[in-house]
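Hi everyone, thanks for coming along. Let me put the sequence and the structure up, and then we can walk through a few contacts together.

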Amino acid sequence: MSINSTLDPLRSELDRLDYLADEGLAMALFLAMRLSQPLLLEGPSGVGKSSAATALAAALRTPLIQLHCYEGSTADDALYRWNRPRQVLALRRAEATNDLPTDQAQDVSPAATPATSLDDLFTADFLIDGPLLRAVRHDDEVPAVLLIDDVDRSDARFEALLVEFLGQMSVTVPEIGTFGPKVPPIVIITCNGSRPLSNALKRGCHYHRMEHPSVERAVEIVRRRVGDAGLPLIEAATAFVFEVRTLDLDYPPGLAESIDWVAALTALGLVEFETNVARSTLGSIAKTPEDLEAIGSALDGLADSP
């Protein structure tokens, strides 16, 4: 049996959704599905890491559940929290109907349904699922796709929480019990490489590195994403982005910025690349004043070339 014959159905379905996965990425996604092992996608911004999870969920016709990591992410963001306003309302309603003992009535707190004791306030009715809890409570034969995005933006403590979750694939709510999945979610973790990840996280994942595609492949991806753009415009703009990534930039533009730029130029009615119009739209690919100046200089050089 050839590898291609195994991967072709998945690649074809992703291709139908206009997501072009090379053999390496297709293999990584396939193994994430078959082995129920988290997939760690690492690579520079804008190469399509998060889009891979979105496309996979669409291909499987299953929900995409997203946990966006950032500096200061907490367990409450990832796991669950209690609906405090509803709890307060429930207590006030119970107090109004004299359903609470006098020593509890002073705690007055909310809920949409009457509560007769404090224990009644810590039930599933008052639980707000975070992304991790939502993923394990997904009740379907087809697993949900759980995207843990930009894990390197969180701190080591939050990363340790994720390692524990991935090892157990369950969430415990002390007041209720432990929730486990009917089928384990397909977990895709993205990382831009802004800080080293722990060995514990890396050991538990299948790893795949995504790089910027070749100019030819990038042209095809942009063509699919900006369907009304002229091919000469796509080719010229994509090639220029490829060249400016060699400059010393704060935020080198990726594939996502190429798509945005071609969409902006097309919205202005361009069919072919025009440097004078392109200059006014460099905000699509330059994200700092210094980058804007450097990319503008590169564009001037392109205009001056024969």
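Let's start with a question: with which residue does arginine 279 form a salt bridge? The partner is aspartate 300, and the closest N and O atoms are 2.2 Å apart. By salt bridge I mean a side-chain nitrogen of Lys or Arg within 4 Å of a carboxyl oxygen of Asp or Glu.

Before I go further, a word on the source: this is a predicted model, where local features need pLDDT of at least 70 and side-chain atom pairs count only at pLDDT 80 or more, while totals for chains, interfaces and linings use all residues. Residues are numbered from 1 along each chain as its sequence is written, and side-chain values use heavy atoms, with hydrogens and water left out.

Back to our pair. Arginine 279 sits in helix H13 (residues 275–279) and aspartate 300 in helix H14 (residues 289–304), 21 residues apart. Helices here are DSSP runs of H or I with at least four residues, strands are runs of E with at least two, and both are numbered from the N terminus. Arginine 279 is partly exposed at 38% relative accessibility, and aspartate 300 is partly exposed too, at 37%. For those labels, buried means under 20% relative accessible area, exposed means over 50%, and partly exposed is in between, with a 1.4 Å probe and protein chains only.

How many salt bridges are there by this rule? The count comes to 14. One of them joins arginine 61 to glutamate 13, at 3.8 Å from N to O. Arginine 61 is in the loop between helix H3 (49–60) and strand S2 (64–68), whereas glutamate 13 is in helix H1 (residues 3–16), 48 residues away. Arginine 61 counts as exposed, at 64% relative accessibility.

Now for the helix packing. H10 packs with H12 at an angle of about 50°, and their axes are 10 Å apart. Axes are lines fitted to C-alpha atoms, for helices over the stretch in contact, and angles run from 0 to 180 degrees between N-to-C directions. That makes H10 oblique to H12; under 35 degrees would be roughly parallel, over 145 roughly antiparallel, 65 to 115 roughly perpendicular, and the rest is oblique.

Which residues of H10 meet H12? They are Ala218, Ile221, Val222 and Arg225, and across from them in H12 are Leu255, Ser258, Ile259 and Val262. Contact means heavy atoms within 4.5 Å.

Finally, helix H11 (residues 231–244) also packs with H12 (residues 255–267), at about 140° and with axes 10 Å apart. H11 and H12 are therefore oblique to each other. On the H11 side we find Leu233, Ile234, Ala237, Phe240 and Val241, which meet Ser258, Trp261, Val262, Leu265 and Thr266 in H12.

Thanks, and I'm happy to take questions!
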